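Subject: Structure for you to look at

Dear colleague,

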Amino acid sequence: MTMTNEELQQWTQEISLANFQKPYVDNVEFNPRLRTTGGRYIPSKRVIELNPKYLEELGEEEFKGIIKHELCHYHLHIEGKGYKHGDREFKELLKTTNSPRFCKALPSQKQKQAELHYYMCTSCGEEYARKRRVNTKRYGCGKCRGKLKKK
């Protein structure tokens with residue numbers, strides 16, 4: 001599903017009035033450069049940026065949860081209360097508005113996370129599975145300090 005920034009602005013204003021009984025008067029926009037998060041609130045600009053991939057891959061209901069989460073940041077910041085993830089007021093507002101604390105991982109990102117790199121020691125035969133690649137010229141076996149090779 002595709003949505004314009006104007007439609008997103010309208011939808012965010014409706015969600016704000018329905019769930020917070022307060023108007024959302026600032027800008028909300030799509031930011032396709034976001035990679036590891038569903039959205040973010042930028043206090044200095046008073047702007048909410050949302051990742052369009054979440055709308056495309058997980059649907060409107062999950063995306064609505066992300067909007068509500070960012071609106072929690074926004075409304076608490078405007079009122080001068082604790083709007084950061086660790087603040088008690090933020091956690092309480094998430095509960096009262098039934099907003100998610102975290103967003104789900106994107107299906108397209110889950111495939112990338114599953115990739116592991118396998119290494120084997122040429123001396124003792126110890127095997128290693130790593131999420132990140134290892135520089136075999138710089139690092140050796142943790143058991144015998146032998147050379148590692150890609151398996």
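His69 lies in helix 3, where helices (H or I, at least four residues) and strands (E, at least two) are DSSP runs numbered from the N terminus. Please keep in mind that this is a predicted model, in which local features need pLDDT of at least 70 and side-chain atom pairs count only at pLDDT 80 or more, while totals for chains, interfaces and linings use all residues. Residues are numbered from 1 along each chain as its sequence is written, and side-chain values use heavy atoms, with hydrogens and water left out.

Is His69 buried or exposed? His69 counts as buried because its relative accessibility is 7%, buried being under 20% relative accessible area, exposed over 50% and partly exposed in between (1.4 Å probe, protein chains only). Leaving aside neighbours within four places in sequence, His69 is in contact (heavy atoms within 4.5 Å) with His85, Phe90, Leu94, Ser99, Pro100 and Arg101.

His73 also lies in helix 3 and is buried, with a relative accessible area of 8%. Not counting residues up to four places away in sequence, His73 touches Tyr41, Tyr83, His85 and Phe90. UniProt, in an unreviewed entry, lists His69 and His73 under "binding site"; its positions are given in the numbering used here, feature names are shortened, and annotations may be inferred rather than shown by experiment. Both His69 and His73 belong to the lining of the largest pocket.

Glu70, which UniProt lists as "active site" in an unreviewed entry, lies in helix 3 and counts as buried at 4% relative accessibility. Leaving aside neighbours within four places in sequence, Glu70 is in contact with Gly39, Arg40, Tyr41, Ile48 and Leu50.

As for the largest pocket, 16 residues line it, of which Thr37, Gly39, His69, Glu70 and His85 lie nearest its centre. Strand 2 (39–42) and helix 3 (60–78) are the elements that give two or more residues to this lining, and helix 3 provides the largest share, four residues. A pocket here is an open set of points on a 1 Å grid over the protein atoms alone, where a 1.4 Å probe fits, with protein on both sides within 12 Å along at least five of seven lines, and lining residues have an atom within 4 Å of a point.

Finally, the domain assignment, whose bounds come from an automatic or database source, gives domain 1 (5–110) and domain 2 (115–150), with 42 Å between their centres, taken over C-alpha atoms.

With best wishes
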